Amino acid sequence: MKIIKKADIILFIILIIFGLAVSALFLPVTGYESGDTVRISVDGKHYASYPLSEDREIEIKNGDRSNTVKIENGTVRMLHSDCKNQLCVKTGAVSRLRSNIVCLPNRVVIEIANENGGDVDVISN
């Protein structure tokens, strides 16, 4: 039968603290930044881009389907959708970089981006 000693517990705590410190250093901080642009795609194609700083209401028509997007106070939200499940409306307002709202039935994607060069996903040679 093995007994856990006081030194084992101390070593375990030190390893946990070290792991948390390393994780905090390498977590991408960009996910917490606010974006400055709203990109809207319909059927996988770019529909429009709008500055997040200008309040407006956008009506999106895709055949017989419609969505209403509202940009207000530096956030964007799906105000109305004629889809059944209303998940896009229930998502609420987003403003952080790489956040999105998706209306799958109507094939509408709203994404927060940074048009001023801060939105870099990959750098290669």
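A salt bridge here is a side-chain nitrogen of Lys or Arg within 4 Å of a carboxyl oxygen of Asp or Glu. The side chains of R56 and E54 are joined in this way, at 2.7 Å from N to O. The model is predicted, so local features need pLDDT of at least 70 and side-chain atom pairs count only at pLDDT 80 or more, while totals for chains, interfaces and linings use all residues. Residues are numbered from 1 along each chain as its sequence is written, and side-chain values use heavy atoms, leaving out hydrogens and water.

Let's look at the charged pairs. The structure holds three salt bridges:

| Pair | N to O distance |
|---|---|
| R56 and E54 | 2.7 Å |
| R107 and D43 | 3.6 Å |
| K70 and E72 | 3.8 Å |

R107 sits in the loop between β6 (100-103) and β7 (108-113), and D43 in the loop between β1 (37-42) and β2 (45-51), so their bridge ties together parts 64 residues apart in sequence. Strands are DSSP runs (E, at least two residues) and helices are too (H or I, at least four), numbered from the N terminus.

For exposure, buried means under 20% relative accessible area, exposed over 50%, and partly exposed in between (1.4 Å probe, protein chains only). R107 is exposed because its relative accessibility is 56%, whereas D43, at 36%, is partly exposed.

Now for the nonpolar side. I4, I9, F12, I13, I16, I17 and L20 make a nonpolar surface patch of about 740 Å². Patch residues have over 30% relative accessible area and no salt bridge, with like charges joined within 9 Å and nonpolar side chains (Val, Leu, Ile, Met, Phe, Trp, Tyr) within 5 Å. Areas come from the Shrake-Rupley method with a 1.4 Å probe; for residues, only the protein chains shown count as cover. I9 belongs to helix α1 (residues 6-26) and is partly exposed at 45%.
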